[in-house]
Amino acid sequence: MTSSNYRSPWVLRQQMHRVLNFYYPDCIDTRYGGYIAQLDERDGFVYDGQTKHLVATARAVHNFSVGALIDGPVWCETAAEHGLHFLSNHHWNDENEGYDWILDGRETADATWFCYGHAFVLLASARAVEAGISGANAELERAFRVIDDRFWEPEHGLCADQSDGRWDTIASYRGQNANMHTCEALIAAYEATDEEQYLERAYTIVEALVKRLGAETEGRIWEHYDRDWNRDMAYNEDEPRHQFRPWGYQPGHHLEWAKLLSILATYRPESWLLPTATSLFDIAIEDGWDDEHGGFYYTVDGDGQPIIADKYGWAVAEAIGAAALLGRTDEQYLDWYDRLWEYAEHHVINPSFGNWYERLTETHERDDPNHGVEVEPGYHPLTNAYVALGVFGKH
């Protein structure tokens with residue numbers, strides 16, 4: 001059993017504080033501005049103080065904004081404002097009007113524009129609006145405008161995936177991951193502003209991707225498509241460990257969709273949303289849970305056989321959020337909620353600092369230091385503890 005009661009609002013807040021404290025103050029970059037997101041997940045030292053990744057910057061703004069929303073450490077508000085300023089003034093490319101993917105200090109190192117990255121700017125801005133961070137409303141409106149003008153394809157009810165840094169060429173690839181996080185960001189934008197346009201757009205994405213395309217694969221969500229939203233079954237089959245676009249079905253994304261549909265159902269009482277959320281969670285357990293060692297496989301094939309058996313912390317965090325929400329109407333999911341926290345305590349949470357490990361092997365070993373520039377600065381565990389806090393106690 002877990003050593004703590006994770007249905008306790010106090011315990012959930014403590015978990016969130018531990019994640020925030022792992023990154024602060026070392027993540028505050030006083031040289032270039034923004035954040036230093038590349039902290040060693042075991043010992044906490046900085047291994048790259050130069051590279052600024054759009055997603056890591058946006059996720060950290062989101063995290064500190066959530067910290068302010070829960071009346072966390074007093075520095076959360078200023079830390080969020082610090083990062084939002086960097087997003088607005090340095091990731092934003094004023095000449096071509098988009099958010100650059102990677103910076104070297106303050107200089108553009110990769111000007112590719114990804115819908116995935118813009119979605120996280122929208123998410124960060126929305127949470128910053130809720131937290132009362134200066135400049136957040138303008139950034140939310142700007143991020144949404146770019147997504148709406150450049151990525152949104154109304155004929156499909158979905159977003160394109162990427163463009164070069166001048167909007168000359170939209171890539172033919174279409175992906176569910178960018179649309180899933182755009183949906184998440186749109187729900188957050190609705191929560192921050194009460195503007196129905198964001199909720200309507202989120203529902204349109206869910207209806208197109210989960211209801212329509214999911215029906216073609218018996219309720220499972222395929223990752224990769226062509227420009228006409230036909231499944232591309234060969235995409236990255238030769239690169240199954242790709243960080244953002246691996247081949248196969250991802251149990252973690254089914255869990256993330258289960259969470260999003262559960263949240264959306266509280267605002268749009270469509271009869272199909274909650275049953276579909278339940279089905280997505282159950283599929284993730286059936287196909288993705290490792291009965292021998294515990295944890296979720298990273299990817300599986302159509303028969304539920306593991307392709308990459310590594311265990312990622314983010315998938316467990318998303319399962320925790322989904323289980324908390326589904327447990328509001330079916331207590332069996334609360335059993336999973338407790339079981340998932342127990343698993344996280346034993347394998348994923350760093351006992352020294354409280355941050356979560358990014359990736360473990362099938363048998364929960366750390367086979368490399370995970371020192372990439374595309375880091376996950378605590379966003380998944382903090383987000384889903386926040387979701388659970390909404391279920392078990394007031395924010």
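Biologist: Over how many bridges do β14 and strand β15 pair, and in which sense, parallel or antiparallel?

Modeller: This is a predicted model. Strand β15 covers residues 306-312, and valine 300 stands opposite proline 306 in β15. The sense of the pairing between β14 and β15 is antiparallel, and the number of bridges is three.

Biologist: Which residue takes a positive phi in the hairpin of β14 and β15?

Modeller: Five residues lie between the two strands of this hairpin. A phi near 80° is found there, and the residue that takes this positive value is glycine 304.

Biologist: Which are the edge strands of the open sheet of three strands?

Modeller: The order of the sheet is β14-β15-β16, with antiparallel pairing. β15 is joined to β16 by two bridges, and tyrosine 312 stands opposite arginine 359 in β16. An edge strand here pairs on one side only, and this applies to β14 (297-300) and β16 (359-360).

Biologist: Why is β15 described as largely enclosed by the rest of the structure?

Modeller: A residue counts as buried when its relative accessible area is under 20%. β15 has seven residues, and it is largely enclosed because the number of them that are buried is five.

Biologist: Is aspartate 94 buried or exposed?

Modeller: Aspartate 94 lies in the loop between β4 (92-93) and β5 (98-99). On the surface, Asp94 gathers with Glu95, Glu97 and Asp149 in a patch of negative charge. The relative accessible area of aspartate 94 is 57%, and the cut-off for this class is over 50%, so aspartate 94 is exposed.

Notes
Residues numbered from 1 in each chain as written. Predicted model: local features only at pLDDT ≥ 70, side-chain atom pairs only at ≥ 80, totals over all residues. Heavy atoms only, no water. Patch = residues over 30% accessible without salt bridge, like charges linked within 9 Å, V, L, I, M, F, W, Y side chains within 5 Å. Areas by Shrake-Rupley, 256 points an atom, 1.4 Å probe, with all protein chains shown as cover. Salt bridge = Lys/Arg side-chain N within 4 Å of Asp/Glu carboxyl O. Lys, Arg positive; Asp, Glu negative; His and termini not counted. Charge placed at Lys NZ, Arg CZ, Asp CG, Glu CD. Helix = DSSP H or I, 4+ residues; strand = E, 2+ residues; numbered from the N terminus. Buried < 20%, exposed > 50% of the residue type's maximum accessible area, 1.4 Å probe, protein only. Pairing = 2+ DSSP bridges.
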